[in-house]
Amino acid sequence: MPKETPHDAQPVIMPHTYDGIQEYDQSLPNWWLFTLFGSIAFAFLYWMACFVTETAADDRVALNIELDALEARQLAAVKNLDDGTLWKMSRNAQTVAEGQAIYNSLCFTCHAPNLAGMKGLGFRLNDDLWVHGNTPTAIFSGISEGIAFEGKPTGMASQKVLGTGRIAAVTAFLLSTQKEGAMKLIPRKDEPSQQSP
């Protein structure tokens, strides 16, 4: 049978004194110990999840995704697209991803999935040689208005039905593979994907 302690018993005081302060000889409350050991366990698991195995989402990654989305919405709201705005859109990951999805659903049949072009169908889009304009606004206009050769429409018809935002996203995707100021305008006959092997 456990020994009962009377309610009026005084707590035991440790025999030492530091700076005139005496210490009780009692164990810590269970709630306090649970909080301490729970915090230690949580800190260890958090460290493992965030820094060792990287299975938990990093706040910086989530913040960058949100900032990219905000910038994409701001750029999409621009009414007058100019070269500077289109170059800026080409550096926004979310806009480029949207443009790539549109390209992969509509444009790849003539220009190939890797932008290498197909002889007799579509020009290369992955190098710095451009036939129908070497500026972002010229590329945007080519997609929006379509391309005509010697007064006749080519397979690239007007894509106005996509809307300005989606056309700008495709333009941004195409520009994302380019360096600003490095795109050269060349004659149609010199386009590499249309040359005989």
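**A tour starting at the second largest pocket**

By class, five nonpolar and four charged residues, with no polar ones, make up the lining of the second largest pocket (nonpolar: Ala, Val, Leu, Ile, Met, Phe, Trp, Tyr, Cys and Pro; charged: Asp, Glu, Lys and Arg; polar: the others, Gly among them). This is a predicted model, in which local features need pLDDT of at least 70 and side-chain atom pairs count only at pLDDT 80 or more, while totals for chains, interfaces and linings use all residues. Residues are numbered from 1 along each chain as its sequence is written, and side-chain values use heavy atoms, leaving out hydrogens and water.

Select Tyr46, Cys50, Phe51, Glu54, Ala56, Ala57, Asp58, Asp59 and Arg60 to see that lining. A pocket is an open set of points on a 1 Å grid over the protein atoms alone, where a 1.4 Å probe fits, with protein on both sides within 12 Å along at least five of seven lines; lining residues have an atom within 4 Å of a point. The space here is about 150 Å³ (the volume filled by probe spheres set on the points, which are joined across faces, edges and corners). Helix H1 (30–52) gives the largest share of the lining, three residues.

Next, select helix H4 (residues 93–106) and helix H7 (residues 164–175) (helices are DSSP runs of H or I, at least four residues, and strands of E, at least two, numbered from the N terminus). Their axes are 7 Å apart, at an angle of about 100° (axes are lines fitted to C-alpha atoms over the stretch in contact; angles run from 0 to 180 degrees between N-to-C directions). H4 and H7 are therefore roughly perpendicular (65 to 115 degrees).

Last, select strands E1 (residues 13–18) and E2 (residues 21–24), antiparallel and joined by three bridges (pairing needs at least two DSSP bridges). Threonine 17 stands opposite glutamine 22. In the turn, aspartate 19 has a positive phi of about 50°.

Terms used. Angles under 35 degrees count as roughly parallel, over 145 as roughly antiparallel, 65 to 115 as roughly perpendicular and the rest as oblique.
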